[in-house]
Amino acid sequence: MNSAILQTLCKAVIPLLLMTAIWFFLRGHNEPGGGFIAGLVFASAYVLYGLAFGPQAVRESMRLSPRTLMAFGLLLSVAAGLIGVFDHQAFLTGLWTEFETGFGKLKLGTPLLFDLGVMLVVIGAVNSILLELTEAGESNPQSQGEEAA
Amino acid sequence: MTAVHPLMVSLLTAGMLLAFRKNRWAMRLLSLAGGLVHLGISIQLFREPSGMLQLGSWPAPFGISFLADRFATMMVLVASIIGLAVLITSWIDVESREEKLGFHPMVHVLMTGVCGAFLTHDLFNLFVWFEVMLMASFVLLGLGEKRVQVSGALRYFALNLVSSLFFLSAVGLLYGWLGTLQMSDIAIRLAQTEERGLLLGIGALLFLAFAIKAALFPVFAWLPVSYPMPSFGVSALFAGLLTKVGVVAMVRFYCLLPADSTLQSFIIFAGLATMVVGVLCAIGQSTIRRILSFHIVSQVGYMVLALGLFNGLGLTACLFYLIHHILVKANLFLVGGIVHRIQGSEKVQECGGLASAYPWLAFLFWIPALSLAGLPPLSGFWAKLLVIRTGLDQGNFSAVGVALAVGLLTLLSMIKIWNEVFWKPLPERTEPPPSRRTLAILAAPSVALGLLTILLGVFAQTGIEWSDQAAQELRPQVVLLEEPAE
């Protein structure tokens, strides 16, 4: 697909999608939202980008491969859970610290880290599915699986 | 050690494996190291079951509970052994392209799902582990990207999705009704309720969901079409673990319910029908893995029958059968893999002559095959004996008769494989025989599993005592309800 309208629209919509994703991510602690949904919204920005500019452009725009993202996310989530274990509490126990910033108190905790991990896994998973499917569709679809048939 | 340690190890291993995938041997060694650590932790956990753990320190029944009791730790230990065995055979068995596509991380994700399902004490969490398992197994099934594999994977996926749907609906209904999903809490609240109709309805939904996972008659169709498709190692992993997770879930849930004769007779019937249909289907098959696949169905029937008999030795028999079956069935698939490697085919007509060419392989085959059929002194004999003994104790003679007959038919099927693959004269060989190193790597896990089968047969007393203790721990969840907790 090579549509100028879609490509122009993308430039306006993608920042909005990314901001929505971050908003979802941050509000997810006590309200509907969180890492999973934020990841899906974030990944949908890539989907849109891929539709407008093709899968190759998505690959180039990602600093890390989808699989590396998944690996980082998974390790980050488990690590966030392990912090509680090192504090002699149950796995995944949330630990919090507070900072005094100029504008008020900022609470940071391990659940945020966990959610970030989830978000990375979701982005990685959605992107790897998306890229596999679109790239398989662009190359010759008949080439695979013939030896079995 | 706590209940989540095995899960953490698997997840961390999977994460690290995803991160680097260029170097084949680095991947294999890391994967193997993860498997070994998992085994070590499982052994430690089995020796000292750590009991209940509240994830994230959220109190029960609101937070998610994990329970490492004897039953769960026993199953985790057996699963860990099978996982390790498959990781070793995968060095030969799995193509390098499949390894690059993510064979190793997916095996560890699958192990996470399986062990999570064993250890969790929360019904919704169980659903999540089922999904983790389903996702990983779906990827493993389709890794080869051959058309038959993808078609097998699709059927597997479709039927398991139906099962998930039933499961999720039942979980939703149960939560709406009782307001809790923590298993012990469910048991307490169910004992206080008088609404038998609602309980039977939800129970039936859940039973159907687990029945699809466990491949009971008449919803086993996904199993024989998908298991023979991937590489032999993956087949062995699935054969050992996947259906058994369904049985374990069934056992867990059944132990929560107040005694109910309708449900009990239904489960007994389902078990008997599964045993008979599975074994009859197996007779008509012509490839090793299809024969074995139908035997999984038939053997799961024994476990469900034992669960249905429940009282007395019933539950003990079910748990012992589970352990025995996982070891034996995975081993048979591994031996099938060696046969396939040597002969280049798994169609029984095209094989032959292995008894004279590879006598040790014949021996490796006989151990699990005879154990499956239930010949003494192997583990299968004691497992079947326990089931039959329970049937006799309860005066259920039709069940006893069916169990004996199905055992005989199982033996017939094993003899068919023996006659065709091992005894019949060697067909014309086209492929060069595999190297000694190849055979040694493929045979090592099989030898270990065979040894475990023999040990479980010779020291059956210990195994039965473990199963009995596990069963006693499961049972009080029903009895304990006399005094409802706060």
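E473(B) is partly exposed, at 35% relative accessible area; the label covers the range between buried (under 20%) and exposed (over 50%), worked out with a 1.4 Å probe on protein chains only. Its salt-bridge partner is R70(B), with the closest N and O atoms 3.6 Å apart. A salt bridge here is a side-chain nitrogen of Lys or Arg within 4 Å of a carboxyl oxygen of Asp or Glu. This pair ties together distant parts of the chain, since E473(B) sits in helix α20 (residues 460–474) and R70(B) in helix α3 (residues 70–93) of chain B, 403 residues apart. Helices are DSSP runs (H or I, at least four residues), numbered from the N terminus. R70(B) is partly exposed too, at 25%.

The model is predicted, so local features need pLDDT of at least 70 and side-chain atom pairs pLDDT 80 or more, while totals for chains, interfaces and linings use all residues. Residues are numbered from 1 along each chain as written, chains are lettered from A and ligands numbered from 1 in written order, and side-chain values use heavy atoms, leaving out hydrogens and water.

Helix α2 (residues 24–47) of chain B holds R28(B), helix α4 (residues 96–101) holds E99(B), and the two lie 71 residues apart. R28(B) is buried at 4%, and E99(B) is buried at 0%. Together with R24(B), they make up a network of salt bridges.

Over all chains, the count comes to 10 salt bridges. Among them is one in chain A, where R59(A) meets E135(A) at 3.1 Å.
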